[in-house]
Amino acid sequence: SAASDVYKRQLDTIDHPPDLLLLRLQIRHARTLALQHDPSARPVLTAAARRARDLDELPLMIDAICAMVPTPGGASTPGRIDEMYIDLAEQALARTDATPSRHRVRIMAALGVDLRLSTDQAQRGIELLDQAVSDAEQLDDDITLGLAMLSWQYRGFGPVDLPQALDRARQLRAVGHRTGELVLVITGRLLAGRCHLLRGDIAAVAEELRLCPSGGAPFIQLSAAAQDVVAVALGGDIPRARQRLDELEVAAQAFGSTGMDRIFAPMDLIVRFWEGRTDGQEARISALRSGLTALVPSLDGATAVIAACAGRHAEAGEILDRYVGDNTDHGWQSDYLAAFATAHFSYAAILGGRRDLANSLLRLLDEFAEHLVGTGTFVLMSADGLRADLLRMLGRLDEAVDTAKRATNASRRHHTEVLLGYELVVLADAMRAAEDKNGIAKTVAEAASLAQSTGGRRIRLELARRQLQ
């Protein structure tokens, strides 16, 4: 880029620059490279951060650490745990004064995002992200506030937090308009769209995307396209979602592997599910698991279900034993994505004959009634649809029927046609198990009709698997 070339010329032409000037130029040059996802930036910024630390130049140390983040407000290595980065950020944070300041907010936000991706320090990451916004609100600095709120969106949230997340989305847009920072305006729209998506309101998602300004960094553009794919799929046009996803894959490949890992691959799993395809599913999950640590609980939950369905109960049991303590003791249940993982673990527990564990896990889904579980770029399902099927498998048949009816009512209200088709299958199965023959034939016929009109082959497969048709 032009900026990169300018800094490079300055570095090449200044003879024997003082240490601090050299550091500043190195950081600025490497920052421009990092924003272009140039891997040569990382070792330069790491060395600069350590040199600034040794010189006791905390602002420069924080500048170098934050410059390692390729997407403003994001993680240093998106979707992966970066121990070296976390160690440097911890050292920088420990050197800051407790009084709110621009530098302290920046390093808290940066560290909070990376810790949020870990399994053992996720709660501290959430606390740092919340504190970064709180501190930034005490400063007269819109850019710092905007950066803190960009990072805050990675904290994860559940139904109780949804109003706060929508308020943050409005704040992001307002700060973006005040500062002229397009990334804040776009991210505010996408965060609001994600909130509407988790409520199942795809019309509201479409409106946010319509109002979303064009332009911005490639990753932001891909995020908007991914949200659109989810809305199209849930709205009942699987062939169109596949077409849009194929276009997204081409764009993600042009952007680089980070875009592929974080956006295309999880989206492909969504569309494959509704297409009723299992080819390559375990390989895709395994590849994602090795690279996207933030999704590991959900991916391992999916693996546990696949293993249990294949009769590999020992493998499924090992996965359950690895996660159950964390998921019940460390607050995973308050997060939409973790709730999806919890549903998977419940399925695996039932299939493995561990009914008490399944009942315990199922209680963690209670607060997600009439919501979807997942995130804007990972698999989304109706929490009530999942709960109804689990209740049926546990023999809690009256609850299963009532919960499935609530799920179908919500999907009718929000016109999430694919979810409605799947939930009708679950409802018919629960009604049959409860020997409630009234309406089964009509329910099955409606599900079959939706499978045909949406292209949701998964619905047809479920009707056949459950011998409902």
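A pocket is defined, on a 1 Å grid over the protein atoms alone, as an open set of points with protein on both sides within 12 Å along at least five of seven lines, and its lining residues have an atom within 4 Å of a point. Grid points are joined across faces, edges and corners, and a volume is the space filled by probe spheres set on the points. The structure is a predicted model, in which local features need pLDDT of at least 70 and side-chain atom pairs count only at pLDDT 80 or more, while totals for chains, interfaces and linings use all residues. Residues are numbered from 1 along each chain as its sequence is written, and side-chain values use heavy atoms, with hydrogens and water left out.

The largest pocket has a volume of about 900 Å³. Its lining comprises 32 residues, of which Phe273, Val305, Cys309, Tyr422 and Arg458 are the closest to the centre. Two or more lining residues are given by each of helix 14 (257-275), helix 15 (281-291), helix 16 (296-309), helix 18 (336-351), helix 20 (383-393), helix 22 and helix 24 (457-465); helices here are DSSP runs (H or I, at least four residues) numbered from the N terminus. Helix 16 supplies the largest share of this lining, 6 residues. By class, the lining of the largest pocket has 19 nonpolar, 5 polar and 8 charged residues, where Ala, Val, Leu, Ile, Met, Phe, Trp, Tyr, Cys and Pro count as nonpolar, Asp, Glu, Lys and Arg as charged, and the others, Gly among them, as polar.

Cavities (sets of points where a 1.4 Å probe fits but cannot get out) of 30 Å³ or more number 2. The second largest cavity has a volume of about 80 Å³. Among its 13 lining residues, Glu370, Leu372, Ser382, Ala410 and Ser411 are the closest to its centre. Helix 21 (397-414) and helix 22 (417-433) are the elements that give two or more residues to this lining, and the largest share, 4 residues, comes from helix 21. The lining of the second largest cavity divides into 4 nonpolar, 6 polar and 3 charged residues.

A helix pair was also examined. The axes (lines fitted to C-alpha atoms over the stretch in contact, with angles from 0 to 180 degrees between N-to-C directions) of helix 3 (residues 41-54) and helix 5 (residues 83-95) come within 11 Å and cross at roughly 30°. Helix 3 is therefore roughly parallel to helix 5, a term for angles under 35 degrees. In contact (heavy atoms within 4.5 Å), Arg42, Thr46, Ala49, Arg50 and Arg53 of helix 3 meet Met84, Tyr85, Leu88, Gln91 and Arg95 of helix 5.

How values were computed: Angles under 35 degrees count as roughly parallel, over 145 as roughly antiparallel, 65 to 115 as roughly perpendicular and the rest as oblique.
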